Every structure is written in C-alpha cells, then in structure tokens.
Amino acid sequence: MLRKLLILGVFAGTSASIPIVYQSNPQLLDSLLKSAVAPKSPVPEPDVKLASVPAKPAAPMLLGRQVLLNADERGHFTSAFKLNGRQIDGMIDTGATLVAINTSTARRIGISLNPSDFNQQVNTANGAIKAAVVTVDRLQIGRISVDNVQAVVLDDRALQTNLIGMSFLQRLQKYEVQNGALLLVQ
C-alpha cells in the first residue's frame, strides 16, 4: 500500500509540474512535443499505416464545458463546489496532490469514516498528519463534472478550507490563469 501511495505521489507530483513548466516556458514544452512527433530522418513510409498523427490538429469541439473563476482579494481562486451533490465552499490549490476535505465536509457529503480509516500519513504545509483516503463520487463546479475523484479527509482542526487539488484538475482538458482569472475547461 505504501509503495502504491509513493508511486501515486511521484505521478501526481510529475503531473502537477507540467503546467508550471509550461507556464514558465511554453516554447520548451512545444519544442519537446514537436521533436517527439517530427520524423527523425527521411524514411520512406510503408503502404499500410497502422496509426497516424494528423498533420493539422482537428478543430476543437464546441461541446466542452468551461468555468471562469476570478481571484479573491488575496489572489486565491475560491468558489462553491458540489461534492456528491452537496454544495461546499473550497479553494483551487494546484499545490495539493489530491482533493482535501475535512471530516465535517466528509460527513455532509455522505462519507462515513472510522478512526481506523485515518491510516495514511500526509505532509501538509503545517507538517505531517494522519488522513483517510476516499473517493468522491462526483465533483462539480458550474457545468464541469468529474466522477470518482480521489481525495483525502483530514481532521477539522488540520484543514479549515476544503482544497480542490490535482486529482480533480489533472482530469480536465486544461486549466490556466489569464487576466487574474482561472479558466477550467473540460
């Protein structure tokens, strides 16, 4: 179990760093992607193609869902979310590997936990603490909805604000800050 959590942590940390690298140097990521797709040397193409990459990307479909969150006076992106159909307040936190909710919120959204469920140690900004790993059936913000989102539950004293972390954000098509607002696209 510890090995799985470690692997998940490495995967989530790596996933979380991609948008940061892209925002700081988009040309680097674009050149890496182009070099991965571009042919290495002129090789004649076989007559049969098993898979191909289109030369020109397809036009984006207009069916996607979008939400735009304005930053509050502290520069944080806070909003009302729905977890398992219940409205809760929370803050988008790209530094959080998982969605993090407190025990009061867990009870409100129908997750019942025993003290023995708090068997995972997580590192927070305030130090290490015991947590319970759970799955939120559905997390919604506006018209965006993601099912089966992994989350951690922390004691109310350790977590006063629910955090919407990378276990939700990485499942979106994109998220980006533009003109002081956070754009979420599904």
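Is N84 buried, partly exposed or exposed? In this predicted model, N84 is partly exposed, because its relative accessible area is 24%, a value between the limits of 20% and 50% that separate buried from exposed residues. N84 is placed in the loop between β2 and β3. Its phi is near 50°, which is positive although the residue is not glycine.

## Overall organisation

The protein contains four helices and ten strands. Along the sequence, these elements follow the pattern α-α-β-β-β-β-α-β-β-β-β-α-β-β. Of the 186 residues, 30% are buried. The accessible surface comes to about 12,700 Å², and carbon and sulfur atoms supply 55% of this area.

Strands of a sheet pair through backbone hydrogen bonds, either parallel or antiparallel. In this model, three strands form an open sheet in the order β1-β10-β9, with antiparallel pairing. Strands β1 and β9 stand at the edges with a single partner strand each, so one side of each has no neighbour in the sheet. From one strand to the next, the twist averages 15°.

Strand β10 covers residues 181-185 and is joined to β9 by five bridges in the antiparallel sense. Within this arrangement, E176 stands opposite L183 of β10. Five bridges also join β1 to β10, and these two strands run antiparallel. The bridge partner of V67 in β10 is L184.

Strand β1 has two faces: V67 and L69 lie on the covered face, whereas Q66, L68 and N70 lie on the uncovered one. N70 belongs to β1, which spans residues 66-70. N70 counts as exposed because its relative accessibility is 57%, and the limit for an exposed residue is over 50%. Beyond residues up to four places away in sequence, N70 touches H76, F77, G180 and A181. N70 and Q178 are 108 residues apart in sequence, yet their C-alpha atoms are 9.7 Å apart in space.

The loop between β9 and β10 contains N179. At 82% relative accessibility, N179 counts as exposed. N179 has a positive phi of about 55°, although it is not a glycine. Most residues other than glycine have a negative phi.

In soluble globular proteins, nonpolar side chains tend to be buried together. The largest nonpolar core of this model has 30 residues, of which I92, F168 and L184 touch the most other members. Elements that give two or more residues to this core include β1, β2, β3, β6, β7 and β10, as well as helix α4. Apart from its neighbours within four places in sequence, F168 is in contact with V99, L139, I141, I144, V146 and V149. A second, separate core of eight residues includes M91, L98, A100 and L154.

Which strand holds N162? N162 is found in strand β8, which consists of residues 162-164. N162 is buried because its relative accessible area is 5%, and buried means under 20%. A polar atom of the N162 side chain lies 3.2 Å from the backbone nitrogen of N102. Neighbours within four places in sequence aside, N162 is in contact with I88, D89, G90, M91, A100, I101, N102 and T105.

S79 lies in strand β2. With a relative accessibility of 18%, S79 counts as buried. Leaving out residues up to four places away in sequence, S79 touches L69, I88, D89, G90 and I141.

## Accessibility of selected residues

The following table collects the residues discussed above.

| Residue | Relative accessibility | Class |
|---|---|---|
| N162 | N162: 5% | buried |
| S79 | S79: 18% | buried |
| N84 | N84: 24% | partly exposed |
| N70 | N70: 57% | exposed |
| N179 | N179: 82% | exposed |

Notes: Residues are numbered from 1 along each chain as its sequence is written. This is a predicted model: local features need pLDDT of at least 70, side-chain atom pairs count only at pLDDT 80 or more; totals for chains, interfaces and linings use all residues. Side-chain values use heavy atoms; hydrogens and water are left out. Buried means under 20% relative accessible area, exposed over 50%, partly exposed in between (1.4 Å probe, protein chains only). Accessible areas come from the Shrake-Rupley method with a 1.4 Å probe; for residues, only the protein chains shown count as cover. Contact means heavy atoms within 4.5 Å. Two strands pair if DSSP finds at least two bridges between them. Axes are lines fitted to C-alpha atoms, for helices over the stretch in contact, and angles run from 0 to 180 degrees between N-to-C directions. A nonpolar core is a set of buried Ala, Val, Leu, Ile, Met, Phe, Trp, Tyr and Cys residues joined through side-chain atoms within 4.5 Å. A polar contact is a pair of N or O atoms within 3.5 Å; within protein, one must be able to donate a hydrogen and the other to accept it, and residues adjacent in sequence count only if both atoms are side-chain atoms.
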